[in-house]
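The following explanation leads the reader through one protein structure, from the whole chain to single residues. Please keep the sequence and the coordinates at hand while reading.

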Amino acid sequence: MKLRPIVLFFLFGHMLLSQIQDKVDFIRAGVSVEAFPEEKRIDGTVAYEFQVLKDVDSIFLDAVNIDLLSVLLDMEKVKFVNDGKTISIKRKFKKGGSHIIKLEYTTKPKQTVYFLGWEDENPSNDQIWTQGQGKYTSHWLPSFDDMNEKVEFDMHITAKNGLSVFSNGKLVEKNVVKENKEVWTFNMDKPMSSYLVAFVIGDFEKRTTASTSKIPIELYYEPKDSLKAEPTYRYTKEIFDFLEKEIGIPYPWQNYKQIPVQDFLYAGMENTGATIFSNTFMVDSIAFADKNYVNVNAHELAHQWFGNLVTEQSGEHHWLHEGFATYYAYLAEKKIFGEEYFYWRLLETAEALNNFSGDGNGEALTNSSAGSLTFYEKGAWALVMLKKRVGEHSFQQGVQNYLSQYAYKNVTISDFIWEIEKASGMKLSDFEETWLQESEFPFEKVKDFLIDKSTSICTYFDIQNNIKKKTDSTGTIITDKWDALQSDDLKYRLILDYGNDLSVDFLKKILNEESLKVRQAVALSLGKTPLLLKEEFESLLLDRSYKTMEATLYRLWTDFPNNQKTYLDKTRKVIGLPNKNVRLLWLTLALVSPEYNTNLKPGYFDELSSYTGSAYHFEVRLLAFQYLKNIGGFNDETLKNLVEACSHHVWHFKKSSRNILKEFLKGEGSIARLKSIYPSLGQEQQQYLDKALSK
């Protein structure tokens with residue numbers, strides 16, 4: 001049967017999608033890109049140098065919805081096939097040959113490159129950033145979805161004069177090419193997988209430091225956050241020095257940079273030498289106690305070895321990335337915050353895994369479809385128990401051998417286990433079965449480990465067991481033990497678990513004598529504030545914790561309505577965490593307090609409504625939407641913002657916004673209100689609303 005040429009091309013393209021390009025080695029790439037934010041467009045060129053390892057009759061690159069303007073092979077035009085997913089060239093290449101393929105292209109990526117703030121009037125909000133994990137760089141750069149293809153990428157990025165540009169590698173020059181544009185040139189000297197290529201363009205400043213090993217460290221921040229730079233990046237040098245020493249292999253890249261961006265999809269992303277993270281981790285010194293960047297900082301830095309230096313061959317080996325980064329981040333926190341913090345954090349993750357596994361949802365670490373809880377937390381626990389099994393020296397030696405042997409290469413779980421077996425002289429098949437292949441989480445084993453390692457955790461389980469035996473004596477059991485307890489983590493947990501069972505006199509003692517963390521547990525645990533604790537609870541409004549302030553303000557406002565004005569006056573200037581938790585609660589309470597500043601209420605409503613706009617981080621917007629929904633306060637502008645949020649690039653914000661809209665649609669007159677704003681919506685928003693209303 002003969003196939004027509006168009007069918008042959010179709011089959012050829014789809015065969016390429018499913019095969020590994022192992023007969024060709026792409027060595028380095030010179031990338032030049034310019035972003036046009038008003039059109040959400042990227043124009044670029046990329047030139048790849050490659051060597052032919054075996055005779056082959058085609059080469060291909062992954063390129064999703066990229067329009068090619070020209071393709072040159074060794075400086076000559078060449079025919080190509082672009083099926084919207086891959087670019088392929090069918091030609092015979094002889095073993096040993098070296099070639100250069102150069103592509104000029106344009107694209108309007110639907111994902112991976114995000115253009116934020118360009119529609120606002122404030123230019124300081126303008127940002128462009130990328131997120132390519134795990135195979136999405138091909139949406140803006142013809143490249144390789146296969147992580148096994150490692151290339152040395154050198155970047156040339158054109159941006160408007162006055163903006164900062166951030167990318168992988170060392171900045172080697174910055175040249176003015178036009179009156180209002182500059183080209184920033186970055187050099188990499190080692191290969192990496194395509195998903196780790198990244199850039200950011202925006203209004204940023206930076207501080208610089210260096211590790212003890214003389215690696216330059218650049219710490220970026222938005223100008224408005226200059227006072228938050230120190231608390232946010234606190235311990236960065238200590239983390240870097242600790243990981244180099246603990247891992248035992250020098251940091252493998254030329255420099256290290258970190259940059260916070262608006263509405264990032266995740267907490268952070270470990271692009272090679274250039275971590276991008278959410279600007280909600282930019283905190284002041286008070287917020288540091290509630291939410292800090294230390295764990296994410298250490299996690300993304302650990303990835304520079306585990307994920308970037310050595311990279312998984314495929315998804316079933318993802319433990320080698322996330323489990324290792326999580327484990328070493330916990331070790332860094334142990335170094336900074338102490339052993340008690342470390343072991344209580346492990347207990348928290350073990351309980352979460354036990355609950356997950358107990359519901360029949362357990363997942364093996366070799367399951368490529370497993371979720372974050374498995375890869376991150378179960379993965380970290382596997383390494384904790386592996387280290388216990390083989391001993392610290394053998395574990396560290398095996399890790400060092402593993403990183404040295406497979407530097408700038410791709411790996412499997414078997415590769416790592418083999419290195420640990422060689423270093424320890426032990427067979428680890430039973431460990432693999434229990435920790436990597438079984439879906440169930442062995443909670444009793446880790447519980448015994450924690451009891452052995454931590455006196456306070458041992459005490460916690462003893463108290464828990466005594467309370468189970470004498471449920472009517474909870475308060476007495478805890479009160480009798482309290483003065484002998486040395487751990488704030490233990491006290492915090494006991495109050496969270498049993499705070500409502502404790503006497504008023506005992507709680508009063510805690511609020512007057514204990515630390516910030518322990519007092520916070522009282523604020524978070526009590527369902528109602530006893531009258532005899534009113535004065536002590538009021539003192540919590542001044543605690544240096546925004547979480548405590550938020551919980552206390554709501555509790556006091558609810559339980560003592562005659563004093564609402566006093567509580568609101570006392571907290572009227574507090575903003576809170578980056579999500580403005582205290583301010584948004586305050587505005588809502590001020591609006592629903594009947595006699596509070598009645599002449600100022602329109603301004604309060606306008607401010608609360610303004611936080612639903614796209615200029616604010618999605619966490620701020622979501623809180624504002626939720627509060628407005630609760631008080632029935634949607635106006636036309638906030639409704640427009642809600643509909644716009646239903647198409648947001650951050651999926652969990654989009655999902656929450658859609659649920660809020662669905663609830664709104666149940667109200668009387670809601671459809672008519674949405675129809676009245678319909679003409680003022682963008683095309684994407686109208687299409688979504690058409691779908692929502694049709695349902």
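The structure is a predicted model, in which local features need pLDDT of at least 70 and side-chain atom pairs count only at pLDDT 80 or more, whereas totals for chains, interfaces and linings use all residues. Residues are numbered from 1 along each chain as its sequence is written, and side-chain values use heavy atoms, with hydrogens and water left out.

The protein contains 26 helices and 23 strands; helices (H or I, at least four residues) and strands (E, at least two) are DSSP runs, numbered from the N terminus. Along the principal axes, its C-alpha atoms occupy a box of roughly 85 × 70 × 55 Å.

Of the 695 residues, 55% count as buried. Here buried means under 20% relative accessible area, exposed means over 50%, and partly exposed lies in between (1.4 Å probe, protein chains only). The accessible surface comes to about 31,200 Å², and 48% of it belongs to carbon and sulfur atoms; the areas come from the Shrake-Rupley method with a 1.4 Å probe, and for residues only the protein chains shown count as cover. A contact means heavy atoms within 4.5 Å. Among contacts between residues at least 6 apart in sequence, 68% join residues at least 24 apart.

The charged side chains number 83 positive and 95 negative, and the centres of the two sets lie 3 Å apart. Lys and Arg count as positive and Asp and Glu as negative, while His and the chain ends are not counted. Each charge is placed at NZ of Lys, CZ of Arg, CG of Asp or CD of Glu.

Helix α12 (residues 455-469) has 15 residues, and 21 Å separate its first C-alpha from its last, close to the 21 Å expected at 1.5 Å a residue. The expected span is 1.5 Å times one less than the number of residues. The buried residues of α12 include Ser456, Ile457, Tyr460, Phe461, Ile463, Gln464 and Ile467. An α-helix has 3.6 residues a turn, so residues three or four places apart point the same way. Packed against the buried residues of α12 are α6 (339-361), α11 (443-453), α13 (474-482) and α14 (488-498).

In helix α20 (residues 581-592), 11 of the 12 residues are buried. Among them are Arg583, Trp586 and Thr588. The elements that cover the buried residues of α20 include α18 (546-559), α19 (564-570), α21 and α22 (618-631). The end C-alpha atoms of α20 are 17 Å apart, which agrees with the 16 Å that its 12 residues should span at 1.5 Å a residue.

Gln486 belongs to the loop between α13 and α14 and counts as exposed because its relative accessibility is 71%. Its C-alpha atom is separated by 7.8 Å from that of Ser456, 30 residues apart along the chain. Asn354, in helix α6, is partly exposed at 28% relative accessibility. Not counting residues up to four places away in sequence, Asn354 touches Phe441 and Phe443. Ser609 is part of helix α21 (residues 601-610) and is buried, with a relative accessible area of 8%. Leaving aside neighbours within four places in sequence, Ser609 contacts Leu628, Asn635 and Thr638.

The remaining residues lie in loops between strands. Asn125 is found between β9 (113-116) and β10 (127-130); its relative accessible area of 23% makes it partly exposed. Beyond its neighbours within four places in sequence, Asn125 is in contact with Leu116, Gly117, Asp120 and Ala615.

Which residues other than glycine have a positive phi? Lys214, with a phi of about 75 degrees, is one of them, and Asp263, with phi near 55 degrees, is another. Lys214 sits in the loop between β17 (205-210) and β18 (216-221), and Asp263 in the loop between β19 (256-261) and β20 (268-269). Lys214 is exposed at 69% relative accessibility, whereas Asp263 is buried, with a relative accessible area of 3%.
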